[in-house]
Amino acid sequence: MKHNFVSTFLLLFLQCIGILAQGPSPSPIPPPAQAAAPAPGPPGPTNVTKVLEKAGQCSTFIRLLQTTQEIIQITSLLNDSNSITIFVPTDNAFLNMKAGALNSFNDQQKSELIKFHVLPQYFSLSQFQTASNPVQTQAGGTSNREFPINITTNGNSVNITTGIVNASISNTIYIDSQLAIYQIDKVLLPLQFFVPPAPTPAPSPPKSKNKDDSSDSGSTSTVSSSETNSPRGLLFFLAVFCFVYVS
């Protein structure tokens, strides 16, 4: 019994010496700190194509936006913080055009057609009531039968007149503080596509100068003097002289 006790004691003593010889256990290595996630940047411009796809009934207008590449210009305007308003005809509005009319337009006219549906300013429905006619579009000027549109309101209805087509807003597709997109029931056709520009008035003829008048009077005087100095005039003068002398 005593031998076992001594053996156990020695074993415990040796274990204690071994633990002390190892020294303190090392502290656990902390995991590497994770890098902070970058702050999200400002949101990009509204994706007009996706908005129109979600609205539906706009496939023809979307196709024209892409084939004319006017969607790039619209996106650039929005990205530069410009405010715009877009009128979007429905697919039925394009189907109701005169047969072959859209295909008869050349590439430039198709680009102008899309621009004619874009206003370079923001209009809410209530702001149409105070629109100053003719309203400017992205297509160009409003004078001399170019690209004028007139906007009038009657209660809650908004009417658009181009000189060729009378259309109305039928629905609001999208609106925020920068972009407004409205659905219209007809394709807006520019006056310039169908009516040639007014001819430039001819310049007025130049006024006659005083020098010409004086030369005319001078020639008249010359004629009168030549008549007086002619033989007939001399004979008349002599006859009158003789008559007076005899008297």
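Where is the place of Gln-69? Gln-69 sits in the loop between α3 and α4, and the views below take in this loop and other parts of the chain. The model is predicted, so local features need pLDDT of at least 70 and side-chain atom pairs count only at pLDDT 80 or more, while totals for chains, interfaces and linings use all residues. Residues are numbered from 1 along each chain as its sequence is written, and side-chain values use heavy atoms, with hydrogens and water left out.

**View 1. The whole chain.** The protein chain has 9 helices and 6 strands; helices (H or I, at least four residues) and strands (E, at least two) are DSSP runs, numbered from the N terminus. Of its 247 residues, 28% are buried. Buried means under 20% relative accessible area, exposed over 50%, and partly exposed in between, with a 1.4 Å probe and protein chains only. Among contacts (heavy atoms within 4.5 Å) between residues at least 6 apart in sequence, 64% join residues at least 24 apart.

**View 2. Helix α2 and its buried face.** Val-48, Thr-49, Val-51 and Leu-52 are the buried residues shown in α2. Seen down the axis of α2, the buried residues fall within an arc of 160°, so they line one face of the helix; the arc is that of the directions from the helix axis to the C-beta atoms. Lys-50, Glu-53 and Lys-54 are exposed on the other side of α2. The cover over the buried residues of α2 includes α3, α4, β1, β5 (166-175) and β6 (179-184).

**View 3. Thr-49 in helix α2.** Thr-49 belongs to α2, which spans residues 48-55. Thr-49 counts as buried because its relative accessibility is 13%. Leaving aside neighbours within four places in sequence, Thr-49 is in contact with Ile-62, Gln-66 and Ile-71. At the start of α2, a side-chain oxygen of Asn-47 comes within 3.2 Å of the backbone nitrogen of Thr-49.

View 4. In α3 (residues 59-67), Thr-60, Phe-61, Ile-62, Leu-64 and Leu-65 are buried. These buried residues pack against α2, α4, β1 (84-89), α5 (91-95), α6 (101-104) and α7 (107-115). Most residues other than glycine have a negative phi. Gln-69 has a positive phi of about 65° although it is not a glycine, and with a relative accessible area of 52% Gln-69 is exposed. Gln-57, in the loop between α2 and α3, has a positive phi near 60°. At 48% relative accessibility, Gln-57 counts as partly exposed.

**View 5. The cis peptide bond.** The peptide bond from Asn-133 to Pro-134 is cis, with omega near -5°. Pro-134 is in the loop between β2 (118-119) and β3 (150-154).

**View 6. The largest cavity.** On a 1 Å grid over the protein atoms alone, a cavity is a set of points where a 1.4 Å probe fits but cannot get out, and a pocket is an open set with protein on both sides within 12 Å along at least five of seven lines; lining residues have an atom within 4 Å of a point. Grid points are joined across faces, edges and corners, and a volume is the space filled by probe spheres set on the points. The largest cavity holds about 40 Å³ of space. Its lining consists of Glu-70, Gln-73, Ile-74, Leu-77, Lys-115, Val-118 and Gln-138. Helix α4 (residues 70-79) gives the largest share of this lining, 4 residues.

**View 7. The largest pocket.** About 240 Å³ of space lies in the largest pocket. Residues lining this pocket include Ala-93, Met-97, Val-165, Asp-185 and Phe-194.

How values were computed:
A polar contact is a pair of N or O atoms within 3.5 Å; within protein, one must be able to donate a hydrogen and the other to accept it, and residues adjacent in sequence count only if both atoms are side-chain atoms.
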